[in-house]
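Subject: Structure handover

Hello,

Here is the structure for your work. My notes on it follow below the entry.

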Amino acid sequence: HRVRSRMIGNRYIITLDIEVNPQITITQAHEIAGAVEKSIESSVDNVYDILVHVEPAGECQTDEKFGIDKDMV
């Protein structure tokens, strides 16, 4: 439900949140996160690092604030 990317030099650092079924095991959630990382690595060039944060589906914060908007500049 959220993706952030930034560049260091010519390489990307990608951070994202994914939602998974809260009834699955931690091992299963970790496997899903690993598959997401591999999918990104295989489809995006110049990736330095990927961080996948796993959250239970339906429990993400909708009022999260991150980054800047035009009123902050």
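Predicted model: local features only at pLDDT ≥ 70, side-chain atom pairs only at ≥ 80, totals over all residues.

Residues are numbered from 1 along each chain as its sequence is written, and side-chain values use heavy atoms, with hydrogens and water left out.

Sheet

The model has an open sheet of 3 strands in the order β1-β2-β3, with mixed pairing. Helices (H or I, at least four residues) and strands (E, at least two) are DSSP runs numbered from the N terminus, and two strands pair if DSSP finds at least two bridges between them. β1 and β3 (47-56) are the edge strands with a single partner strand each, so one side of each has no neighbour in the sheet. On average, neighbouring strands of this sheet are turned by 15° against each other, direction ignored; the axes are lines fitted to C-alpha atoms, for helices over the stretch in contact, and angles run from 0 to 180 degrees between N-to-C directions.

Strands β1 (residues 2-8) and β2 (residues 11-20) run antiparallel and are joined by 7 bridges. R2 has D17 of β2 as its bridge partner, and I8 stands opposite R11 in β2. The hairpin of β1 and β2 has 2 residues between the strands, and G9 takes a positive phi near 65° there.

On the other pairing, β2 and β3 are parallel over 9 bridges. D17 has H53 as its bridge partner in β3, and V20 stands opposite P56 in β3. From β2 the chain crosses through α1 to β3, and this β-α-β crossover is right-handed (with the strands pointing away from the viewer, the path from the first strand over the helix to the second runs clockwise).

Core

In β2, 7 of the 10 residues are buried (under 20% relative accessible area; exposed is over 50% and partly exposed lies in between, with a 1.4 Å probe and protein chains only). The largest nonpolar core has 10 residues: I14, L16, I18, V20, A29, A33, I40, V47, I50 and V52. Such a core is a set of buried Ala, Val, Leu, Ile, Met, Phe, Trp, Tyr and Cys residues joined through side-chain atoms within 4.5 Å. At least two of its residues come from each of β2, α1 and β3, and β2 gives the largest share, 4 residues. Leaving out residues up to four places away in sequence, I50 touches I14, L16, E37, I40 and E41 (contact means heavy atoms within 4.5 Å).

Single residues

K38 is in helix α1 and counts as exposed because its relative accessibility is 61%. Its C-alpha atom is separated by 9.4 Å from that of I50, 12 residues apart along the chain.

N46 is in the loop between α1 (26-43) and β3. N46 is not a glycine, yet has a positive phi of about 60°. With 39% relative accessibility, N46 counts as partly exposed.

Regards
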